[in-house]
Amino acid sequence: MKPVSITADGRKELEKELEQLIAQRPAIAERIATARAFGDLSENEEYSSARSEQKVLEGRILEIQGILKNAKIIRTGKKEKVALGATVVVKTGNKQQTFTVVGAVEANPLEGRISNESPIGQALMGLKVGDAATLPNGKVYKVIELS
């Protein structure tokens, strides 16, 4: 797995999620054991459901462990150019938006965290205050503040 860029806060969130998922293991194991006691597993919906839930849980645990193992912490702080970890205020038309540029693992556009691999993220990378980027859809994003 290649290195994964995440912020220190993002790492803490993943560690917290991992802890919560691991805490769910005993309850799922108990559900499986209880369902197994019902007999014929081929027609046991409770057993199938619990095994499916266990599979999803274990998959997410492995995914988070892989991310944390390969995590490269993004340095935050005052930036002169848009880079990973930067918070940038842009103006497009009459509207202002604030984005924090993060790695793909942490991206959540609804919370203002955009990936450096997204079209907007790619367009903004390396810009300074006063610079503008035009996206393929024709929207122009002008950097008005950077931290």
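This tour moves through the structure one selection at a time, beginning with a helix and ending at a sheet.

The model is predicted, so local features are described only where pLDDT is at least 70 and side-chain atom pairs only at pLDDT 80 or more, while totals for chains, interfaces and linings use all residues. Residues are numbered from 1 along each chain as its sequence is written, and side-chain values use heavy atoms, with hydrogens and water left out.

**The helix α1**

Select residues 8–36, which make up helix α1; helices here are DSSP runs of H or I with at least four residues, strands are runs of E with at least two, and both are numbered from the N terminus.

Next, colour G10, L14, L18, L21, I28, I32 and A35, which are buried, meaning under 20% relative accessible area with a 1.4 Å probe and protein chains only. The buried residues of α1 pack against β1 (4–6) and α2 (45–69), where contact means heavy atoms within 4.5 Å.

**The sheet**

Show the five strands that form an open sheet in the order β5-β4-β3-β7-β6, with mixed pairing; two strands pair if DSSP finds at least two bridges between them. At the edges lie β5 (113–115) and β6 (132–134), each of which pairs on one side only.

Select β3 (residues 87–92), which runs antiparallel to β4 and is joined to β4 by six bridges, with T87 having T100 in β4 as its bridge partner. These two strands form a hairpin with two residues between them, and G93 in the turn has a positive phi of about 65°. Four bridges join β3 to β7, again antiparallel, and K91 has K142 in β7 as its bridge partner. K142 also stands opposite A132, where β6 and β7 pair in the antiparallel sense over three bridges.

**The aromatic pair**

Finally, which rings form the tilted pair? They are those of F99 and Y141, whose centres are 6.5 Å apart and whose planes meet at 55°; rings of Phe, Tyr and Trp (its six-membered ring) pair if their centres lie within 6.5 Å, and planes under 30 degrees apart count as stacked, over 60 as edge-to-face and the rest as tilted. F99 lies in β4 and Y141 in β7, 42 residues apart. F99 is buried at 7% relative accessible area, and Y141 is buried at 4%.

Conventions:
Expected span 1.5 Å × (residues − 1). Buried < 20%, exposed > 50% of the residue type's maximum accessible area, 1.4 Å probe, protein only.
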